[in-house]
Amino acid sequence: MAMTVLSIFALISLTPAILLPYRKDPKPDGWFWAMLALAIAGTLVLILMRLSTGWKTDISTALWFTIFACLILYLLIVASVSKDSWRLSPLLMPYLFILGILATFLSDSSNQPLINNAHVVWMGTHILVSVATYGLITLAAVAALAASIQTRALKLKKRTTLSKLLPSVTSSEKLVLQLLYTGEFVLVAGLITGMASQYLNTDKLLIFDHKTIFAITVFLVIGILLILNHHSGTRGKTSTHLVLLAYILLTLGYPGVKLVTGIILV
């Protein structure tokens with residue numbers, strides 16, 4: 001019951017950040033940063049309460065960690081750095097709110113304890129790196145979607161309420177590449193920490209389970225996209241489709257696996 005109340009509180013803390021872009025003159029002013037800080041604080045309180053009794057491996061906690069990671073990364077490497085990319089919030093915030101609703105409804109899912117051994121630090125590091133990777137690819141997918149919406153509006157010569165709020169095509173595509181380069185680097189770190197943890201626990205460096213296969217496939221998809229962009233400037237629909245493919249594959253490998261093992265197969 002307490003966790004449900006905290007989940008509702010976290011959802012409420014996200015709401016102002018969803019509504020703020022629709023004010024008369026949206027801009028990254030004090031209100032913008034305050035509402036973003038409120039969303040981060042509400043999510044952080046929930047996560048700390050969930051972890052107060054030990055590490056949780058259920059789908060609900062994984063989703064709240066994803067929301068928190070996206071908010072932090074959005075703050076640190078998107079809104080704070082780019083003059084225009086803070087405008088991703090009209091797409092990002094509603095999506096995170098939907099994830100929060102899903103996490104709230106799945107809060108009663110089964111929870112298996114984290115492997116209890118001397119190498120739990122390696123496992124914890126791997127989990128944190130994996131969450132960061134998923135957050136980066138999520139932001140890249142949102143930026144790719146923003147570029148697609150803006151491109152469509154330009155082709156139709158008809159700007160919608162949403163397209164007026166989003167960053168320009170150039171800004172969105174530039175952000176996608178920056179996030180993918182960072183995500184590819186962090187994904188490599190995730191694979192390395194995952195192999196190290198696997199070796200310490202099982203004496204096997206690599207086991208080709210579903211998560212490993214999805215992670216390697218995502219690495220290859222992102223790598224192909226970056227190579228194509230470098231040699232031929234691949235953009236538009238092809239770039240968007242590859243980014244969304246990477247996001248879907250990573251979703252299947254991270255929260256998707258937890259959903260199947262924690263809910264469907266219980």
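This is a predicted model: local features need pLDDT of at least 70, side-chain atom pairs count only at pLDDT 80 or more; totals for chains, interfaces and linings use all residues.
## Overall fold

The protein is built from 10 helices, with zero strands. Reading along the sequence simply gives α-α-α-α-α-α-α-α-α-α.

Of its 266 residues, 47% count as buried. The protein exposes about 13700 Å², and carbon and sulfur atoms supply 71% of that. Take the contacts between residues at least 6 apart in sequence: 78% of them join residues at least 24 apart.

## Helices α2 and α3

Helix α2 covers residues 30–51 and helix α3 covers residues 59–79; they pack at an angle of about 150°, with axes 10 Å apart. The crossing of α2 past α3 is left-handed.

Who's involved? On the α2 side, the residues include F32, W33, L36 and I40, and they meet an α3 set that includes W64, F65, F68 and Y74. By class, the contact has 18 nonpolar, three polar and one charged residues.

## Aromatic pairs

The whole structure holds five aromatic pairs. One of them joins F32 and Y74 edge-to-face, at 6.5 Å centre to centre with 65° between the planes. F32 sits in α2 and Y74 in α3, so this pair ties together parts 42 residues apart in sequence. F32 is buried at 8% relative accessible area, and Y74 is buried at 0%.

Y134 and Y247 make a stacked pair, 5.8 Å centre to centre and 15° between the planes. Y134 belongs to helix α5 and Y247 to helix α9, so here the parts tied together are 113 residues apart in sequence. Y134 is buried at 3% relative accessibility, and Y247 is buried at 13%.

Ring pairs also link F32, W33, Y74 and W86 into a cluster.

Technical notes: Residues are numbered from 1 along each chain as its sequence is written. Side-chain values use heavy atoms; hydrogens and water are left out. Helices (H or I, at least four residues) and strands (E, at least two) are DSSP runs, numbered from the N terminus. Buried means under 20% relative accessible area, exposed over 50%, partly exposed in between (1.4 Å probe, protein chains only). Contact means heavy atoms within 4.5 Å. Accessible areas come from the Shrake-Rupley method with a 1.4 Å probe; for residues, only the protein chains shown count as cover. Axes are lines fitted to C-alpha atoms, for helices over the stretch in contact, and angles run from 0 to 180 degrees between N-to-C directions. A crossing is left-handed if the near helix is turned anticlockwise from the far one by less than a right angle, and right-handed if clockwise. Ala, Val, Leu, Ile, Met, Phe, Trp, Tyr, Cys and Pro count as nonpolar, Asp, Glu, Lys and Arg as charged, and the others, Gly among them, as polar. Rings of Phe, Tyr and Trp (its six-membered ring) pair if their centres lie within 6.5 Å; planes under 30 degrees apart count as stacked, over 60 as edge-to-face and the rest as tilted.
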